[in-house]
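Open the model in your viewer and get ready to select a few residues.

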Amino acid sequence: MALQPFQWKDRPALIEHLFPVQKISAESFKEQMAGSGKTLTTLGSYWKGRKPLILNKACIIGALLPVTDDLLKDLEIFELIMGIASSSLRIRLKENLPASKHDSVNGYLEKPYNEQVRSAKRPEEVGNSLFAGIWPKVNAHLGTSANSIEELVEQIGVARFGHRPKVADVFSGSGQIPFEAARIGCDVYASDLNPIACMLTWGDFNIVGAPTEKRSKLESIQKKLAFEVEQEIERLGIESDGSGWRGKVYLYCNEVICPESGWRVPLLPSLIISNGFKVIAKLKPIPTQKRYDIDICYVDQEEVDAAKIGTVQDGDLVHSPDGINVYRTSIKSIRGDYREGNQNKNKLRLWERSDFIPRPADIFQERLYCVQWMKQRPNAKTFDYVFRSVTQEDLQRELLVIEHVKSRLSNWQDAGFIPDMLIEKGYNTDQPIRERGWTYWHHLFNPRQLLTIALVRQKLVAETAFVLTSLVDNNSRLCRWNNSASKGAGGNTSNTFDSQALNTLYNYGTRSFANMKNFFSPQYKSFPISGFGNVKNHQAKEINVVNDIYVTDPPYGDAVKYEEVTEFFIAWLRKNPPKEFADWSWDSRRSLAIKGEDEGFRNGMIGTYRSMAAHMPDNGIQILMFTHQSGSIWADMANIIWASGLQVTAAWYVVTETDAAIQDGAHVKGTIILVLRKRHKTLETFRDDLGWEIEQAVKSQVESLVGLDQRVRSLGTERLYTDADLQMAGYAAALKVLTAYSNIDGKDMVREAEAPRQKGRKTFVDELIDFAVQTAVQFLVPAGFEKSEWQKLKGIERFYLKMVDMEHQGAKSLDNYQNFAKALKVHNFDVLMSDASKANSARLKISSELKSSLMAGEAEIAGTPLRALLYALFELSKETEIEEVLAHLMDNCPNYLANKNLLVKMAEYIATKRESLKSTKTFTPEKEASCARVLAEAIRNQRL
Ligand SMILES: C[S@@+](CC[C@H](N)C(=O)[O-])C[C@H]1O[C@@H](n2cnc3c(N)ncnc32)[C@H](O)[C@@H]1O
């Protein structure tokens with residue numbers, strides 16, 4: 001019999017009890033590493049911090065599926081639906097490996113999961129065939145009659161909510177969550193404050209999710225656009241040299257007057273034009289005019305190497321007109337930097353609306369100094385390339401472009417074809433104003449760039465808005481010229497948002513139309529989606545329709561200031577936007593954006609989550625994702641959840657970010673997933689009772705996870721959870737207990753949560769959270785230690801020992817170390833880390849690396865039994881006599897006699913955890929392990 005409406009109305013969701021975080025992490029990581037192979041990225045690669053689709057799917061499916069009495073079976077079914085079961089991996093591996101390797105698939109399946117995933121296709125790349133065989137099993141377990149994910153989702157939606165599930169994301173960003181929700185068959189509500197976010201989400205549905213016919217129509221629109229723009233450029237004759245060569249890249253640099261010599265000098269951080277082609281710029285002094293000609297020369301490697309040093313060195317302008325006298329002046333002083341009060345100012349003229357090139361008296365002039373040309377070879381698809389000095393004809397063409405833009409600028413600005421939007425000051429947006437005097441967004445583009453983009457902008461329709469944004473991103477004055485490229489096509493410019501900032505450049509590249517043609521035919525992926533909702537542009541707290549499930553990724557401590565950097569694009573679209581986008585407010589509305597971590601952030605979040613709770617049925621469920629950086633997250637989140645009338649029912653930790661994101665300065669690697677429900681009851685408790693309750697909750701949560709883990713492992717598969725996951729589960733359990741109460745010690749928790757913070761003062765909620773986290777951490781005692789013993793250790797000792805265990809389990813991410821350090825109140829764990837530690841390959845120093853450091857003084861570990869023990873291991877590794885080692889240990893370890901047993905335990909623990917690790921030249925864990933065994937034995941047998 002089919003599932004009845006509301007049959008599962010109050011069933012707990014699977015994600016409230018289990019979630020295979022290790023597998024989901026491996027899958028998320030794989031997706032993030034796919035670069036341009038990611039499903040939605042082609043629409044806007046400038047949007048960073050996309051939440052992996054596979055994670056979004058896991059959250060939604062996990063929120064829909066019920067838990068039954070048979071957790072193991074629940075897990076199996078969930079993994080089949082996600083395409084992450086071992087039977088699914090078999091298919092995914094076969095799809096990815098060449099036929100000659102199909103026989104070895106069994107071998108792959110014995111490898112650790114993340115290695116299997118590495119060699120397999122992503123589930124979404126395989127498509128429906130991955131799920132073809134799962135339905136009998138799934139239907140038998142769930143009582144459904146589905147033949148596809150969409151059908152399953154609909155049937156479960158009916159059983160839970162009486163209809164197809166309505167899923168909303170009110171912080172939709174690039175639309176990763178709404179797109180996935182729609183793809184698996186939910187009814188979707190997507191909204192964001194930022195119109196660029198709305199546009200990306202619109203594109204997800206209407207381009208990537210478009211039916212095939214619509215896609216072919218789009219392709220012809222794009223082709224037509226490219227053709228028309230090309231015709232116009234050809235008509236103007238601004239990109240050809242008249243003898244068959246077409247411009248590919250135009251290189252520009254700033255030029256300033258050197259105040260010491262009075263010479264006009266180009267600002268070139270490097271004189272290399274192309275490493276691959278061995279081309280450099282040579283400065284040829286023209287003493288009569290006190291300026292340099294720039295000759296573009298093909299040279300040998302030696303000269304290329306010498307050309308690394310340009311006229312900008314460590315922030316100074318350096319040049320020598322006669323090759324003898326060297327002039328050096330700081331660019332800051334040329335710019336006239338000075339301080340007024342606490343503000344940085346300078347003497348740059350602020351550009352006006354009608355400016356688009358420097359005026360003759362401006363400090364920074366701009367000059368074309370090289371052109372790379374291309375020419376198609378006869379009867380071939382390949383090109384020849386050449387770099388040439390700038391000729392009189394080139395300069396004529398430059399003038400033509402300038403005149404063309406100048407005569408139209410004002411009209412084009414009125415019509416919205418070129419921005420006339422002021423740059424509002426801000427963290428990122430101050431930079432172009434301060435460094436170049438640019439005050440309008442169009443100042444970030446030179447005449448050639450303005451001209452080509454304006455031609456596209458004139459013919460804009462919604463579908464080609466994505467062509468426009470990629471042109472804008474790839475052709476601005478902030479596009480770095482990449483001179484290190486190997487031969488090939490001689491390199492290209494990088495995009496503006498290769499960093500998430502608005503860094504100005506002394507020299508940059510401008511692409512010709514011919515060199516941007518591929519942006520007119522982007523290779524969007526295609527996943528036709530049948531139904532989808534509209535995209536709304538409003539503040540999250542203004543949500544006014546009811547949804548069953550909310551999945552949100554709010555701007556928590558965002559490393560990227562979307563509200564600022566997207567103005568770069570907004571400026572190009574705000575006037576006369578395509579009709580599909582016309583209802584949106586074409587303004588980043590910075591003041592309404594939720595940001596930062598202070599009071600404004602908390603209030604914004606509380607308003608939003610309260611509103612969502614009010615627009616959710618009683619059995620609705622919320623998934624709140626956030627990457628975490630600061631230590632106050634738990635308290636922040638508890639406040640928000642309390643104040644919005646929600647409570648936590650589970651929490652998970654998934655690794656989502658790629659290494660590249662970390663290099664960009666965001667030291668975030670994981671995403672915390674909180675599962676929230678409405679807080680229905682008004683429960684009261686007292687602080688004294690909470691300790692016990694939290695401990696029980698942590699205990700049962702951890703035991704349930706460990707239990708499931710053991711059962712899974714007894715079936716021969718990998719562990720589901722590492723200690724870090726258990727730790728997170730511990731915190732979550734603590735939050736779960738806390739947020740279930742509306743009144744603690746007679747205090748109304750909603751009011752407490754709303755109360756403003758006072759700097760440096762802990763609130764009642766902070767104290768409760770500290771207490772809860774502490775209880776959770778203390779409960780997690782490593783095997784082999786007694787609870788009482790473990791609690792006696794200092795935080796830093798517990799940290800070291802915990803991390804020894806994590807390393808034994810194969811964990812390597814620096815993030816883990818940070819988490820544990822925070823939880824154990826370790827202030828300075830860096831001193832214990834190997835010097836070679838990186839975000840993704842971190843490890844502790846072993847005794848032979850610590851040597852005799854940190855034995856005394858301020859270090860947290862100084863003077864502890866563990867430090868004494870590690871020193872003893874170091875001595876043993878140097879083959880010091882055991883008697884002498886023991887004598888030193890007795891001196892170094894406080895209360896040696898009382899701590900003797902503990903020392904033996906720690907030594908044995910280190911031996912067990914270290915012996916299985918592989919040694920390298922500098923890292924010798926096996927040796928550490930054997931010394932630890934010897935030492936444990938010696939301490940135990942020591943006669944005193
Ligand atoms: C972390 S991003 C979401 C990223 C998204 N999940 C993705 O995968 O691309 C947060 C989003 O919240 C939006 N936002 C910030 N303040 C907002 C507000 N008050 N109302 C609605 N959206 C807001 C930002 O524009 C941004 O798109």
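**Stop one: a surface patch.** Select Met890, Leu897 and Leu944. In this predicted model, Met890, Leu897 and Leu944 make a nonpolar surface patch of about 330 Å². Leu897 sits in helix H34, which covers residues 896-914. Is Leu897 buried or exposed? Leu897 has a relative accessible area of 63%, so Leu897 counts as exposed, the cut-off being over 50%.

**Stop two: helix H8.** Select residues 135-142, which form helix H8. Colour Trp135, Val138, Asn139 and Leu142: these are the buried residues of H8. Look down the axis of H8. The buried residues fall within an arc of 95°, so they line one face of the helix. Next, colour Pro136 and Ala140. These exposed residues are on the face of H8 turned away from its buried side. What do the buried residues of H8 pack against? Show helix H3 (71-82) and helix H9 (149-161): the buried residues of H8 pack against both. Then step to Gly143, which follows H8 and has a positive phi, near 75°.

**Stop three: Lys23.** Select Lys23, in helix H1 (residues 21-33). Lys23 has a relative accessibility of 15%, so Lys23 counts as buried; the cut-off is under 20%. Which residues does Lys23 contact, beyond its neighbours within four places in sequence? Show Glu79, Ile84, Ala85 and Tyr113. Zoom in on Glu79: its side chain and that of Lys23 are joined by a polar contact of 3.1 Å. Turn to Ile84. The Lys23 side chain reaches the backbone oxygen of Ile84 at 3.1 Å.

Note on methods
Residues are numbered from 1 along each chain as its sequence is written. This is a predicted model: local features need pLDDT of at least 70, side-chain atom pairs count only at pLDDT 80 or more; totals for chains, interfaces and linings use all residues. Side-chain values use heavy atoms; hydrogens and water are left out. Patches are made of residues with over 30% relative accessible area and no salt bridge: like charges are joined within 9 Å, nonpolar side chains (Val, Leu, Ile, Met, Phe, Trp, Tyr) within 5 Å. Accessible areas come from the Shrake-Rupley method with a 1.4 Å probe; for residues, only the protein chains shown count as cover. A salt bridge is a side-chain nitrogen of Lys or Arg within 4 Å of a carboxyl oxygen of Asp or Glu. Helices (H or I, at least four residues) and strands (E, at least two) are DSSP runs, numbered from the N terminus. Buried means under 20% relative accessible area, exposed over 50%, partly exposed in between (1.4 Å probe, protein chains only). The arc is that of the directions from the helix axis to the C-beta atoms. Contact means heavy atoms within 4.5 Å. A polar contact is a pair of N or O atoms within 3.5 Å; within protein, one must be able to donate a hydrogen and the other to accept it, and residues adjacent in sequence count only if both atoms are side-chain atoms.
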